[in-house]
Amino acid sequence: MAHCIVPEAEAILDKEFPVLDKGFIRLVDYLGGDERVVQSARVSYGEGTKSYREDAGLIDYLLRNRHTSPFEQISLTFHVKMPIFIARQWIRHRTARLNEISGRYSVMKDDFYVPVPEDVALQSTDNKQGRSDKALESAAVEKVRSFLAEGQKRAYGEYTSLIDQGIARELARINLPLSLYTEIYWNIDLHNLFHFLELRLGAHAQKEIRLYARTLLEITKKVVPRCCESFERHLLGGVSFSKEELAELNKRLGNGGEPTLSGKALERFEEKLRT
Ligand SMILES: Cc1cc2nc3c(=O)[nH]c(=O)nc-3n(C[C@H](O)[C@H](O)[C@H](O)COP(=O)(O)OP(=O)(O)OC[C@H]3O[C@@H](n4cnc5c(N)ncnc54)[C@H](O)[C@@H]3O)c2cc1C
């Protein structure tokens, strides 16, 4: 089968998509497109691509029914610049290959993340992992932002002073904060990228990584628009119900049965119905 060239993806190769104050994502390379998913799924029948509608239908069927291996035939490489606290969450996704800039080899740049005013918030009282959505007074917000910026300036000043004294780069860096930007080359197949996006676009993921995930999805749409459409329809926009939740749903639809949920399980179910 021919090498896949996707004009929309070619047009954005190497283009920086900004994320946060100093970060970005760049599509470095891609292998395959929507067509490749179709070709690899049909290889067992010795058939090639069919009409646009039939191909889109096949992609949708494969994704909905978790026939995942044709999506693994697509590979994407991104160059990502992000704060270290995001990179720590990012690299938990083990089904990818990556290289990171070395603070032992290079002097780290003076690039730190400071949240924009609307992203500065108090700890949420009902979500241990999240921030409150109540607005803070602007004086309090500015105090937090300058506190962060001053700490970063001090840490970077001490870092460069140690470098100037000839201290090893691998030691001079150890007091630099998590807000320092790092850079990675990240290669992942489409099936595992969708898994990453499903988790990191979710409402429970930290806002900053959600912004990166959103940009990743926008870039990926240029490479595999039909796959992304099915991803948004079934994995991102769809909801799955447990056996007990389905029974509850049937009861509410008037199909009979006893109440099956209570307490937290009932709350989670109600939340699913709202989304
Ligand atoms: C909102 C949110 C909050 C989180 N909070 C925390 C936290 O507080 N603390 C924390 O430590 N982590 C936390 N995580 C990270 C989370 O537990 C996962 O490590 C991360 O999301 C990567 O998911 P994954 O393992 O499915 O992905 P991948 O590593 O890409 O793996 C994909 C799939 O491959 C399989 N797989 C890959 N490697 C192995 C292996 N070695 N053995 C067996 N199966 C494997 C698994 O089926 C896995 O689901 C959080 C993640 C999210 C989204």
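Entry 1, the ligand. I kept in mind that this is a predicted model. I listed the residues around the ligand and got Arg92, His93, Arg94, Thr95, Gln129, His195, Leu199, Arg200, His204 and Ala205. I sorted that shell by type: 2 nonpolar, 5 polar and 3 charged.

For Thr95, I found a side-chain N or O atom 2.5 Å from a ligand oxygen. For Arg92, the corresponding distance from a side-chain N or O to a ligand oxygen is 2.6 Å. Gln129 also has a polar side-chain atom 3.3 Å from an oxygen of the ligand. I then looked up how much of the ligand gets covered: it exposes 940 Å² when taken alone, and the protein buries 49% of that.

Arg200 was already on my list of residues around the ligand. At the start of α8, I saw a side-chain oxygen of Asp189 within 3.1 Å of the backbone nitrogen of His191.

I located Thr77 in strand β3, which covers residues 75–83. Is Thr77 buried or exposed? I put it down as buried, because its relative accessibility is 17% and the cut-off is under 20%. Skipping neighbours within four places in sequence, I found Thr77 in contact with Arg26, Leu27, Val28, Asp29, Tyr185, Trp186 and Asn187.

Technical notes: Residues are numbered from 1 along each chain as its sequence is written. This is a predicted model: local features need pLDDT of at least 70, side-chain atom pairs count only at pLDDT 80 or more; totals for chains, interfaces and linings use all residues. Side-chain values use heavy atoms; hydrogens and water are left out. A polar contact is a pair of N or O atoms within 3.5 Å; within protein, one must be able to donate a hydrogen and the other to accept it, and residues adjacent in sequence count only if both atoms are side-chain atoms. Helices (H or I, at least four residues) and strands (E, at least two) are DSSP runs, numbered from the N terminus. Buried means under 20% relative accessible area, exposed over 50%, partly exposed in between (1.4 Å probe, protein chains only). Contact means heavy atoms within 4.5 Å. A residue is near a molecule or strand if one of its heavy atoms lies within 4 Å of it. Accessible areas come from the Shrake-Rupley method with a 1.4 Å probe; for residues, only the protein chains shown count as cover. Ala, Val, Leu, Ile, Met, Phe, Trp, Tyr, Cys and Pro count as nonpolar, Asp, Glu, Lys and Arg as charged, and the others, Gly among them, as polar.
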